[in-house]
Amino acid sequence: MTAPAPLTLSETQQAALIRKLTALADDEIILAQRGGEWTGHAPILEEDIALANIAQDELGHAGLYLELRRALDGSNPDQLAFTRDAAGYTCARLVELPRGDWAFTMLRQYLYDAYEAVWLDAARQSSYVPLAEVAAKAFREERFHLQHTALWVERLALGTPESLRRTQDALNALWPHLGQLFQPVAGEAELTGDGVLPDLNAVRVRWDGLVVPHLTDRCGLTLPPAGAEQPGREQHTEHLEPLLAEMQRVARDHPDAELW
C-alpha cells in the first residue's frame, strides 16, 4: 500500500497555521507561568510538586508548537517567548488572570485541560503529519492533567461550605472568559476544511459534553450565564503586561547571554 503524499501548504495556509501554533503556544506559556507561581506555596507538598510538573508539561507543549512554527518560518522559540511584549502575544484572556486562590487555580486548569485534551485528541487525525505527531505526544500527558484537576475540582466542590463557595466563585469569574478558547484565528476555517486543524465547533460540543455534567451533576456547581461575546486575542487584560515583565526579566537583562 502506497503512503499518502505529504500535505503541501499554500502560502496563505502556512501563515494561518503559524498564527494558530503561536496562539496555542502562548496559551501554554502564560498558563504555565501562572501555575509556576504556586511553587513553594501549594497547600500540600505533594500537590506543590504535581502542579509544578503540570506547568512544566504545559511549557513543553508550548515548545512543541513553537518548534512546528520554526519549521515553517525559521523563528526562534526562545526569542518568541522572551522578547515579545503584551501586544505581540495572542493568548486567551482566561490564562492571563491572576492565580487567585487554590480553587481558582484548580478550576481554571481543569477547564483548560479539558479543552486541550479534546483539541489534541482531534488533532491526532490532522492531515498535516507534523501536527498529528505532536498532538499524539501531548495528548498522553494531557489526559493525566485532566484526571488530576477533575478530581481536585470535585474534592473542592464537595468538601466544606467554604471550599464550595470558593469553587463556585471561581466558576463565576472564569466562565465568561471561556469562549475565546473556541474562537478561530484568521484563516483557520480553510485549514479546518482541509483537515489540518480540528473543527472548533465540534471541539466545543465535546468539551461541553465532558465539562458541564462534571461541574453540575457530579460537583453540584451552578453554571453562570454565558458571557458576552469575547474580543479577539489581540486584546488583553491588564494582568498580562506585569506577568511578562517578571517572566522575561532575566532574558531582557542579559540579551546576549548564550550560556547560563
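Are tyrosine 115 and phenylalanine 182 buried or exposed? Tyrosine 115 is buried, and phenylalanine 182 is buried too (buried means under 20% relative accessible area, exposed over 50%, partly exposed in between, with a 1.4 Å probe and protein chains only).

## Basis of the model

This is a predicted model, in which local features need pLDDT of at least 70, side-chain atom pairs count only at pLDDT 80 or more, and totals for chains, interfaces and linings use all residues. Residues are numbered from 1 along each chain as its sequence is written, and side-chain values use heavy atoms, leaving out hydrogens and water.

## Aromatic pairs

The whole structure holds six aromatic pairs (ring centres of Phe, Tyr or Trp, the last by its six-membered ring, within 6.5 Å; planes under 30 degrees apart are stacked, over 60 edge-to-face, the rest tilted). Tyrosine 115 and phenylalanine 182 form an edge-to-face pair, with 5.5 Å centre to centre and 85° between the planes. They are 67 residues apart: tyrosine 115 is in helix H5 (residues 102-123), and phenylalanine 182 is in the loop between helix H7 (161-174) and helix H8 (188-193). Helices are DSSP runs of H or I, at least four residues, numbered from the N terminus.

Ring pairs also link Tyr112, Tyr115, Trp175, Phe182 and Trp207 into a cluster.

## Nonpolar cores

The largest nonpolar core has 67 residues (buried Ala, Val, Leu, Ile, Met, Phe, Trp, Tyr and Cys joined through side-chain atoms within 4.5 Å). H5 gives the most to this core, twelve residues. Leu111, Trp119 and Leu215 have the most contacts inside this core.

Notes
Helices (H or I, at least four residues) and strands (E, at least two) are DSSP runs, numbered from the N terminus.
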